[in-house]
Amino acid sequence: MAVEMTMPILVVDDYKTMVRIIKNLLKQIGFENVDEASDGTEAFEKMKKKKYGLVISDWNMEPMTGYELLQKVRADESTKATPFIMVTAESKTENVIAAKKAGVNNYIVKPFNAGTLKAKMTAVIGDF
Amino acid sequence: MPAAEVAARVRQSLESVKVSDLENVQLIEVLRMAQQLTDTMQMFFGSLDKSIHQEFNSIAEYIAKTRDEIAHLRPNDIRESRLPGAGAELEALIADTERATETIMSEAETLMISETDDLDAYKMEVSDAMTKIIEACSFQDLTGQRVSKVVSSLKHIEERVARFAQTMGVNDAEATANEKAEEERKAKLHLNGPAIGGPETDQTNVDDLLAMDQDAIDALFD
(Lines give C-alpha, C1' and ligand atoms only; values in the text may rest on other atoms or scores of the structure.)
Protein backbone atom coordinates (compact mmCIF):
# COMPACT_ATOMS: atom_id res chain seq x y z
CA MET A 1 0.00 0.00 0.00
CA ALA A 2 1.34 3.39 -1.00
CA VAL A 3 2.23 5.78 1.75
CA GLU A 4 -0.22 8.63 2.14
CA MET A 5 1.95 11.73 1.90
CA THR A 6 -0.64 13.83 3.76
CA MET A 7 -0.71 11.55 6.79
CA PRO A 8 -0.24 13.42 10.08
CA ILE A 9 3.13 12.91 11.78
CA LEU A 10 3.80 13.80 15.41
CA VAL A 11 7.32 15.02 16.27
CA VAL A 12 8.15 14.94 20.00
CA ASP A 13 11.24 16.73 21.34
CA ASP A 14 11.85 19.22 24.16
CA TYR A 15 14.34 21.15 22.02
CA LYS A 16 12.55 23.46 19.60
CA THR A 17 15.56 23.40 17.27
CA MET A 18 15.42 19.61 16.96
CA VAL A 19 11.69 19.77 16.20
CA ARG A 20 12.45 22.37 13.55
CA ILE A 21 15.24 20.25 12.03
CA ILE A 22 13.03 17.17 11.83
CA LYS A 23 10.11 19.19 10.41
CA ASN A 24 12.42 20.62 7.72
CA LEU A 25 13.76 17.19 6.83
CA LEU A 26 10.22 15.79 6.68
CA LYS A 27 9.22 18.66 4.42
CA GLN A 28 12.19 17.91 2.15
CA ILE A 29 11.03 14.32 1.73
CA GLY A 30 7.44 15.37 1.16
CA PHE A 31 5.63 15.27 4.50
CA GLU A 32 4.10 18.60 5.49
CA ASN A 33 1.32 17.58 7.87
CA VAL A 34 3.39 17.66 11.03
CA ASP A 35 2.35 18.36 14.64
CA GLU A 36 4.73 18.82 17.54
CA ALA A 37 4.86 18.10 21.28
CA SER A 38 7.54 18.90 23.83
CA ASP A 39 7.25 15.81 26.07
CA GLY A 40 5.49 12.45 26.40
CA THR A 41 2.48 13.80 28.28
CA GLU A 42 1.66 16.41 25.64
CA ALA A 43 2.31 13.87 22.87
CA PHE A 44 -0.02 11.26 24.37
CA GLU A 45 -2.79 13.83 24.82
CA LYS A 46 -2.47 14.74 21.13
CA MET A 47 -2.46 11.06 20.15
CA LYS A 48 -5.70 10.46 22.06
CA LYS A 49 -7.37 13.27 20.12
CA LYS A 50 -5.95 12.57 16.65
CA LYS A 51 -4.80 9.46 14.83
CA TYR A 52 -1.20 9.83 13.64
CA GLY A 53 0.43 7.84 10.85
CA LEU A 54 3.83 8.04 12.58
CA VAL A 55 5.40 9.27 15.81
CA ILE A 56 9.02 10.45 15.83
CA SER A 57 10.12 10.91 19.41
CA ASP A 58 13.16 11.90 21.46
CA TRP A 59 13.97 9.77 24.54
CA ASN A 60 15.26 12.17 27.20
CA MET A 61 12.46 14.64 27.99
CA GLU A 62 10.74 15.90 31.13
CA PRO A 63 8.38 15.21 32.74
CA MET A 64 7.43 12.21 30.60
CA THR A 65 10.27 10.58 28.64
CA GLY A 66 9.93 9.18 25.12
CA TYR A 67 10.51 5.69 26.57
CA GLU A 68 7.51 6.08 28.88
CA LEU A 69 5.49 7.50 25.98
CA LEU A 70 6.32 4.42 23.89
CA GLN A 71 5.21 2.11 26.73
CA LYS A 72 2.01 4.11 27.18
CA VAL A 73 1.26 4.15 23.46
CA ARG A 74 1.73 0.37 23.20
CA ALA A 75 -0.43 -0.26 26.27
CA ASP A 76 -3.39 1.76 24.97
CA GLU A 77 -5.82 0.09 22.59
CA SER A 78 -6.44 3.24 20.52
CA THR A 79 -2.76 4.05 19.98
CA LYS A 80 -0.95 0.69 20.13
CA ALA A 81 -0.72 0.25 16.35
CA THR A 82 0.88 3.67 15.66
CA PRO A 83 4.35 3.34 14.09
CA PHE A 84 6.95 4.76 16.48
CA ILE A 85 10.52 5.83 15.67
CA MET A 86 12.86 6.84 18.47
CA VAL A 87 15.37 9.59 17.54
CA THR A 88 17.78 10.03 20.41
CA ALA A 89 21.29 10.69 21.68
CA GLU A 90 20.84 7.73 24.06
CA SER A 91 23.19 5.26 22.43
CA LYS A 92 23.83 2.53 25.00
CA THR A 93 23.00 -1.02 23.98
CA GLU A 94 20.61 -1.20 26.96
CA ASN A 95 18.63 1.71 25.51
CA VAL A 96 18.23 0.07 22.11
CA ILE A 97 17.21 -3.23 23.70
CA ALA A 98 14.78 -1.54 26.11
CA ALA A 99 13.17 0.36 23.22
CA LYS A 100 12.92 -2.80 21.15
CA LYS A 101 11.31 -4.67 24.05
CA ALA A 102 8.86 -1.80 24.51
CA GLY A 103 7.83 -2.16 20.88
CA VAL A 104 9.71 0.55 18.98
CA ASN A 105 9.59 0.27 15.17
CA ASN A 106 12.96 1.86 14.56
CA TYR A 107 15.75 3.68 16.36
CA ILE A 108 17.84 6.57 15.06
CA VAL A 109 20.95 7.74 16.91
CA LYS A 110 21.60 11.51 17.03
CA PRO A 111 23.24 13.18 15.25
CA PHE A 112 21.58 11.82 12.12
CA ASN A 113 21.07 12.93 8.53
CA ALA A 114 18.17 13.19 6.10
CA GLY A 115 19.20 9.93 4.42
CA THR A 116 18.99 7.96 7.66
CA LEU A 117 15.62 9.48 8.53
CA LYS A 118 14.23 8.61 5.11
CA ALA A 119 15.65 5.07 5.18
CA LYS A 120 14.19 4.34 8.63
CA MET A 121 10.82 5.85 7.72
CA THR A 122 10.74 3.69 4.61
CA ALA A 123 11.55 0.61 6.73
CA VAL A 124 8.66 1.44 9.06
CA ILE A 125 5.86 2.79 6.86
CA GLY A 126 6.90 1.55 3.39
CA ASP A 127 8.22 3.18 0.22
CA PHE A 128 7.27 6.73 -0.62
CA MET B 1 42.64 9.66 90.47
CA PRO B 2 39.66 7.48 89.53
CA ALA B 3 36.27 8.55 90.85
CA ALA B 4 35.72 5.25 92.66
CA GLU B 5 38.91 5.73 94.69
CA VAL B 6 37.94 9.28 95.68
CA ALA B 7 34.52 8.10 96.77
CA ALA B 8 36.14 5.37 98.87
CA ARG B 9 38.45 7.85 100.61
CA VAL B 10 35.61 10.25 101.36
CA ARG B 11 33.50 7.41 102.72
CA GLN B 12 36.44 6.28 104.85
CA SER B 13 36.88 9.78 106.33
CA LEU B 14 33.18 10.03 107.11
CA GLU B 15 33.20 6.59 108.75
CA SER B 16 36.07 7.57 110.99
CA VAL B 17 34.18 10.71 112.03
CA LYS B 18 31.09 8.63 112.77
CA VAL B 19 32.83 5.96 114.88
CA SER B 20 34.63 8.50 117.04
CA ASP B 21 32.76 10.09 119.84
CA LEU B 22 31.91 13.43 118.29
CA GLU B 23 31.60 15.15 121.63
CA ASN B 24 35.19 14.28 122.45
CA VAL B 25 36.59 15.14 119.11
CA GLN B 26 38.94 18.00 119.21
CA LEU B 27 38.36 20.80 116.76
CA ILE B 28 41.85 20.21 115.41
CA GLU B 29 40.91 16.63 114.61
CA VAL B 30 37.80 17.77 112.64
CA LEU B 31 39.90 20.27 110.75
CA ARG B 32 42.47 17.58 109.98
CA MET B 33 39.78 15.39 108.47
CA ALA B 34 38.29 18.32 106.56
CA GLN B 35 41.76 19.08 105.23
CA GLN B 36 42.19 15.45 104.20
CA LEU B 37 38.81 15.50 102.48
CA THR B 38 39.62 18.77 100.67
CA ASP B 39 43.00 17.44 99.52
CA THR B 40 41.38 14.34 98.17
CA MET B 41 38.71 16.34 96.36
CA GLN B 42 41.32 18.73 95.01
CA MET B 43 43.40 15.89 93.61
CA PHE B 44 40.29 14.49 91.95
CA PHE B 45 39.14 17.75 90.42
CA GLY B 46 42.69 18.62 89.50
CA SER B 47 43.06 15.47 87.45
CA LEU B 48 39.60 15.98 86.03
CA ASP B 49 40.42 19.57 85.02
CA LYS B 50 43.64 18.53 83.34
CA SER B 51 42.06 15.92 81.11
CA ILE B 52 39.11 18.17 80.27
CA HIS B 53 41.51 20.98 79.56
CA GLN B 54 43.49 18.77 77.17
CA GLU B 55 40.27 17.63 75.53
CA PHE B 56 39.09 21.22 75.06
CA ASN B 57 42.47 22.21 73.73
CA SER B 58 42.43 19.56 71.07
CA ILE B 59 38.82 20.45 70.15
CA ALA B 60 39.82 24.12 69.88
CA GLU B 61 42.79 23.17 67.70
CA TYR B 62 40.56 21.08 65.45
CA ILE B 63 38.05 23.92 65.15
CA ALA B 64 40.84 26.37 64.26
CA LYS B 65 42.19 23.94 61.66
CA THR B 66 38.72 23.39 60.22
CA ARG B 67 38.11 27.15 60.06
CA ASP B 68 41.45 27.55 58.34
CA GLU B 69 40.68 24.83 55.82
CA ILE B 70 37.22 26.24 55.14
CA ALA B 71 38.82 29.64 54.54
CA HIS B 72 41.20 27.98 52.05
CA LEU B 73 38.17 26.47 50.37
CA ARG B 74 37.04 30.09 49.80
CA PRO B 75 33.35 29.13 49.85
CA ASN B 76 32.22 32.74 49.44
CA ASP B 77 34.28 33.08 46.29
CA ILE B 78 32.74 29.84 44.97
CA ARG B 79 29.18 30.86 45.93
CA GLU B 80 29.32 34.52 44.95
CA SER B 81 31.68 34.53 42.01
CA ARG B 82 32.75 31.17 40.55
CA LEU B 83 29.41 29.37 40.31
CA PRO B 84 27.27 32.36 39.25
CA GLY B 85 30.01 33.28 36.75
CA ALA B 86 30.03 29.79 35.28
CA GLY B 87 26.22 29.78 35.18
CA ALA B 88 26.15 33.11 33.36
CA GLU B 89 28.71 31.88 30.80
CA LEU B 90 26.66 28.75 30.13
CA GLU B 91 23.47 30.78 29.74
CA ALA B 92 25.26 33.12 27.33
CA LEU B 93 26.54 30.08 25.47
CA ILE B 94 23.01 28.73 25.04
CA ALA B 95 21.89 32.17 23.80
CA ASP B 96 24.85 32.32 21.34
CA THR B 97 24.08 28.90 19.88
CA GLU B 98 20.35 29.65 19.72
CA ARG B 99 21.00 32.86 17.83
CA ALA B 100 23.36 31.15 15.41
CA THR B 101 20.96 28.24 14.88
CA GLU B 102 18.11 30.65 14.23
CA THR B 103 20.14 32.52 11.59
CA ILE B 104 21.45 29.40 9.86
CA MET B 105 18.09 27.65 9.91
CA SER B 106 16.16 30.71 8.67
CA GLU B 107 18.56 31.27 5.78
CA ALA B 108 18.36 27.62 4.78
CA GLU B 109 14.57 27.55 5.09
CA THR B 110 14.27 30.68 2.94
CA LEU B 111 16.47 29.16 0.23
CA MET B 112 14.44 25.95 0.26
CA ILE B 113 11.33 27.81 -0.86
CA SER B 114 12.88 30.54 -3.02
CA GLU B 115 11.96 31.01 -6.67
CA THR B 116 14.52 29.71 -9.16
CA ASP B 117 13.10 31.15 -12.38
CA ASP B 118 15.41 34.17 -12.41
CA LEU B 119 18.81 32.48 -12.13
CA ASP B 120 20.79 35.69 -11.54
CA ALA B 121 18.48 36.77 -8.71
CA TYR B 122 18.58 33.25 -7.27
CA LYS B 123 22.37 33.18 -7.41
CA MET B 124 22.50 36.50 -5.57
CA GLU B 125 20.07 35.20 -2.95
CA VAL B 126 22.09 32.02 -2.41
CA SER B 127 25.30 34.01 -2.13
CA ASP B 128 23.78 36.38 0.49
CA ALA B 129 22.39 33.48 2.50
CA MET B 130 25.73 31.64 2.45
CA THR B 131 27.54 34.76 3.70
CA LYS B 132 25.07 35.07 6.60
CA ILE B 133 25.48 31.37 7.42
CA ILE B 134 29.27 31.68 7.42
CA GLU B 135 29.08 34.78 9.65
CA ALA B 136 26.75 32.98 12.07
CA CYS B 137 29.33 30.20 12.48
CA SER B 138 31.52 32.61 14.46
CA PHE B 139 29.50 31.39 17.46
CA GLN B 140 31.92 28.47 17.60
CA ASP B 141 34.80 30.74 18.61
CA LEU B 142 32.70 32.55 21.25
CA THR B 143 31.30 29.37 22.76
CA GLY B 144 34.79 27.85 22.83
CA GLN B 145 36.06 30.79 24.92
CA ARG B 146 33.03 30.66 27.22
CA VAL B 147 33.46 26.92 27.79
CA SER B 148 37.15 27.46 28.64
CA LYS B 149 36.15 29.94 31.36
CA VAL B 150 33.64 27.51 32.83
CA VAL B 151 36.15 24.65 32.75
CA SER B 152 38.74 26.83 34.50
CA SER B 153 36.25 27.72 37.28
CA LEU B 154 35.33 24.07 37.73
CA LYS B 155 39.01 23.15 38.00
CA HIS B 156 39.53 25.77 40.73
CA ILE B 157 36.59 24.41 42.70
CA GLU B 158 37.69 20.82 42.16
CA GLU B 159 41.20 21.56 43.47
CA ARG B 160 39.94 23.36 46.56
CA VAL B 161 37.33 20.76 47.42
CA ALA B 162 39.83 17.93 46.87
CA ARG B 163 42.36 19.63 49.19
CA PHE B 164 39.67 20.21 51.85
CA ALA B 165 38.44 16.62 51.73
CA GLN B 166 41.98 15.27 51.91
CA THR B 167 43.22 17.51 54.75
CA MET B 168 40.11 17.07 56.88
CA GLY B 169 39.86 13.34 56.14
CA VAL B 170 36.25 13.81 55.12
CA ASN B 171 34.20 10.74 54.23
CA ASP B 172 31.21 11.26 51.99
CA ALA B 173 27.84 11.04 53.70
CA GLU B 174 25.19 8.86 52.11
CA ALA B 175 23.29 10.42 49.22
CA THR B 176 20.02 12.09 50.26
CA ALA B 177 16.72 10.34 49.66
CA ASN B 178 15.98 12.76 46.81
CA GLU B 179 19.32 12.07 45.13
CA LYS B 180 18.82 8.31 45.47
CA ALA B 181 15.30 8.52 44.05
CA GLU B 182 16.59 10.56 41.09
CA GLU B 183 19.37 8.00 40.44
CA GLU B 184 16.86 5.14 40.57
CA ARG B 185 14.53 6.96 38.16
CA LYS B 186 17.40 7.54 35.73
CA ALA B 187 18.44 3.89 35.86
CA LYS B 188 14.86 2.66 35.43
CA LEU B 189 14.16 4.91 32.44
CA HIS B 190 17.66 4.38 30.96
CA LEU B 191 18.38 8.13 31.01
CA ASN B 192 22.10 8.14 30.22
CA GLY B 193 22.36 11.18 27.98
CA PRO B 194 24.76 11.60 25.05
CA ALA B 195 27.99 9.62 25.36
CA ILE B 196 31.33 11.45 25.40
CA GLY B 197 33.17 10.97 22.10
CA GLY B 198 30.19 10.11 19.90
CA PRO B 199 27.45 7.53 20.13
CA GLU B 200 28.35 4.43 22.13
CA THR B 201 26.46 2.26 19.67
CA ASP B 202 26.55 3.62 16.10
CA GLN B 203 23.63 3.47 13.69
CA THR B 204 24.87 0.28 12.01
CA ASN B 205 25.12 -1.53 15.35
CA VAL B 206 21.72 -0.17 16.39
CA ASP B 207 20.28 -1.58 13.16
CA ASP B 208 21.91 -4.96 13.91
CA LEU B 209 20.47 -4.97 17.42
CA LEU B 210 16.99 -4.16 16.14
CA ALA B 211 17.26 -6.95 13.57
CA MET B 212 18.21 -9.55 16.17
CA ASP B 213 15.54 -11.89 17.51
CA GLN B 214 14.74 -11.91 21.20
CA ASP B 215 16.71 -15.10 21.96
CA ALA B 216 19.87 -13.62 20.48
CA ILE B 217 19.37 -10.44 22.52
CA ASP B 218 18.79 -12.41 25.70
CA ALA B 219 22.03 -14.30 24.98
CA LEU B 220 23.90 -10.98 25.13
CA PHE B 221 23.02 -10.72 28.80
CA ASP B 222 23.87 -14.31 29.76
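How many residues of chain B are in contact with chain A, and how many residues of chain A do they touch? In this predicted model, local features require pLDDT of at least 70 and side-chain atom pairs count only at pLDDT 80 or more, whereas totals for chains, interfaces and linings use all residues. Residues are numbered from 1 along each chain as its sequence is written, and chains are lettered from A and ligands numbered from 1 in the order in which they are written.

In chain B, 19 residues are in contact with 22 residues of chain A, contact being defined by C-beta atoms, placed from the backbone, within 7 Å. Helix 3 (75-112) and helix 7 (203-211) of chain B each contribute at least two residues to this side of chain B; helices (H or I, at least four residues) and strands (E, at least two) are DSSP runs, numbered from the N terminus. Helix 7 of chain B provides the largest share, four residues. By type, the residues on the side of chain B that touches chain A are ten nonpolar, six polar and three charged, where Ala, Val, Leu, Ile, Met, Phe, Trp, Tyr, Cys and Pro count as nonpolar, Asp, Glu, Lys and Arg as charged, and the others, Gly among them, as polar.

Chain A contains an open sheet of five strands in the order 2-1-3-4-5, with parallel pairing; two strands pair if DSSP finds at least two bridges between them. Strand 2 (34-37) and strand 5 (106-109) of chain A are the edge strands, each pairing on one side only. Strand 4 (residues 84-88) of chain A is joined to strand 5 of chain A by four bridges. Ile85(A) stands opposite Asn106(A) in strand 5 of chain A.

Note on methods: Contact = placed C-beta atoms within 7 Å.
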